[in-house]
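Hi,

Here is the structure I said I would pass on. Have a look at it first, and then read on for my notes.

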Amino acid sequence: MSAKSRKRGNARLFFIIGLFFLGFLAVAMRLVDVQAVEAERYEDLAKKQRLRSIEIAPKRGNVYDRNGNLLATSADAVTVYANPYFIKESESIASQLSLILKIDERTLLEKLNKDSGFVYLARKINQSVAKRIKALKIEGIGFLNESKRCYPCDELASHVIGFVGIDNNGLVGLEMFYDDVLRGLPGRLLVEKDPIGRSISTGIFELSPSIDGKDVILTIDKTIQFKAEEELTACIEEFNAKSGNIIVMNPKTGEILAIANYPSFDLNNYTQADSSYFRNRAITDLFEPGSTIKMIIGAAALEERIYEPTDVFRLPDRIKVADKIIKDSHSRPTEDFTFTRIISESSNVGAVVIGQKLGKKRICDYLSTFGFGQKTGIDFPGEVRGYVPAPEKWSGSSIGNIPFGQGMSATSLQVLQAFSIIANDGLLVEPNILNKIIDTNGKIIKEVECKQGEKVLSSKTAKRMKQILEKAITEGTGENAQIDSYRVAGKTGTAQKARTDGKGYEKDKYVASFVGFAPVEDPQIAIIVVIDEPKEVIYGGHVAAPVFKNLAEFSLRYLKIPPS
Amino acid sequence: MQTAKKLAHRPEKKAVKRHLKLVTNRRKQDVSLGFIVMVFVALLAAVAFSAVQQTSVTQTAIEVENLQEILQEERACNQKLVIELAQLKSPERIQKIALGRLGMVVPSKVNYVKISDDNIKNKLAMRNNHYEKFSD
């Protein structure tokens, strides 16, 4: 090769290298421009284009009964949305989706043609349905992972558990009361995505994980709850009643084993039920308790040593108090009643006589001591106080109706709590539905300990009252509540319903109730049965007592409590 | 003669000198060119290697994402089974099947007898009494 041609070759090489150098220089300058001079602007633009901030919804905690049976849980669900600006051929898409989602084609078409960048098409649908839509690969249709609340036992304990809204916030019942515990905390994922929507592995990936909600274990026993609901429904149907409720409680610990309400509703389809059905009537509704209050009047008289159980009263079947005539439920000649018999056979006249001796102040004090006119403190939303008129607000005839439970109001739970004081030898315990709160690893976060109740009545009075209430079952109005092999104590109640306009009482509307506990020697369960507006038969001893018997008999055997 | 010889040799020496100079420059050029080419090749190789690695990372990331999707599906399936299990345990359903489909009946009430120590002693005494009588 000649020197000349070599020289020419070198020049060409240098020219190419120079070109490359210039090229690199241009790229480098552009890089400096992009990465330094205009860096901030481009960064913002790029972030907007690639970064996606995704909220990670926490898994809502489960609800279990005392034996670990699942009552409420959350399942993965998919929400389908659309960006109408990207939708082409909306009519055919609407018809395709209508078949899969089973939503009216017109409704879908309306949504798809909306002048908006985001519109929900269907919320919280099954994964399998979502998969079918995904397979269609329609541009402008997107999917969000959400969770859907499921209640495997449908109607069971529906009033107690309650339900959540579309955004998983508790709306009713314990779902509402323990919403903070169950809900958890949402997390956030900041991720860089490619144009197809896949995450870029080397890109930004910032994860603040969600904290799942805690699980709640209730004191409710699924089996007793089922039996309570079954018995209540059968009773309501038999007596063609309007509504009713039952509470089963451990009188020593205050643990609620069951709360049944009628009418009931399906938690998985609560939107189809009337909103009045959602009330947990045993806690939120008031009624005039009727003769069950005679127990408190009797206990007060014994505690104040005004009367002894064996004291005898000569009683007519009616008595005039102010402008009112108070009658016993059945006509009878004037006869002798012992103090015990007044309560066991539920004499209104006798109760008024005892009440008159006690006086309005002491009656009010004892009603307050037994928890009337104040909340029990149960962990449930919407509890009401009830109404006991203050002594200065009593009318002339108040002394003639409050001693047998009219002219005042209470919840079923208050009445049951009052009877539990007798069962518990004078100790008042706070009722509770929560047993434990556990985290996702099963670690106990909170455990409700059995509190030592407050002594509100002497043991002697409580024991004497227990014997009187046992008499009410063996010889009195509560005979239908007797259980083979077990000693039962309780009291019947039949109360007239007050008129809604406040002018006296309804003529043919009654509330029949029975409240009792068993076994008398060591009470393990206390039950109240309240039936609203039974037809034809109205007495608590005939309507509510048999329900108590069936439920108590079942529960005692189920709980393996030895016979008396 | 000697002078003639000297004269004859001189130009040759000059030519050799010039030739040597040229050889020295070319070697320097060859070395710098070789170096540039090598660096260029190394850069290309690095770029190629990075591209291959990037592709492999991206592919793995896609696989991870797919696996996560499968995991999510499996979790959903598991949840579904848990719910189904709880539904199957529903007392209402069990009772309906037991009474309706299987023709079972609610058991008659069982009366339990509480055996106290006194009961046992009395029973034993009665039995011993009976044996004593029998042996008489």
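Below is what turned up, starting with confidence and then going through the contact between the chains, a sheet and a helix.

Please keep in mind that this is a predicted model. Its scores are ipTM 0.71 and pTM 0.80. For chain B, the average pLDDT is 76, and 63% of the residues score at least 70. Where pLDDT is low, the predicted coordinates should not be read in detail.

Now for where the two chains meet. On one side there are 24 residues of chain B, and they are in contact with 23 residues of chain A. Two elements of chain B each give two or more residues to this side, namely helix H1 (2-88) and helix H2. H1(B) provides the largest share, with 17 residues.

Next, over to chain A, where you'll find an open sheet of three strands. The strands run in the order E1-E6-E7, with antiparallel pairing. Which strands stand at the edges? Those are E1 (51-56) and E7 (205-208) of chain A; each has a single partner strand, so one side of each is left without a neighbour in the sheet. On average, neighbouring strands here are turned by 15 degrees against each other, ignoring direction. If you zoom in on strand E6 of chain A (residues 187-192), you can follow its antiparallel pairing with E7(A) over four bridges. A:Leu189 stands opposite A:Leu207, which belongs to E7(A).

Last stop: helix H14 of chain A, covering residues 360-369. The buried residues in this helix are A:Ile363, A:Cys364, A:Tyr366 and A:Leu367. Looking down the axis of H14(A), you'd see these buried residues fall within an arc of 165 degrees, so they line one face of the helix. Just after H14(A) comes A:Gly371, with a positive phi of about 100 degrees.

Cheers

Terms used: Residues are numbered from 1 along each chain as its sequence is written. Chains are lettered from A and ligands numbered from 1 in the order in which they are written. This is a predicted model: local features need pLDDT of at least 70, side-chain atom pairs count only at pLDDT 80 or more; totals for chains, interfaces and linings use all residues. pLDDT is the predictor's confidence in each residue, from 0 to 100. Two residues are in contact if their C-beta atoms, placed from the backbone, lie within 7 Å. Two strands pair if DSSP finds at least two bridges between them. Axes are lines fitted to C-alpha atoms, for helices over the stretch in contact, and angles run from 0 to 180 degrees between N-to-C directions. A residue is buried if 20 or more other C-beta atoms lie within 10 Å of its own, exposed if 12 or fewer, and partly exposed in between; C-beta atoms are placed from the backbone. The arc is that of the directions from the helix axis to the C-beta atoms.
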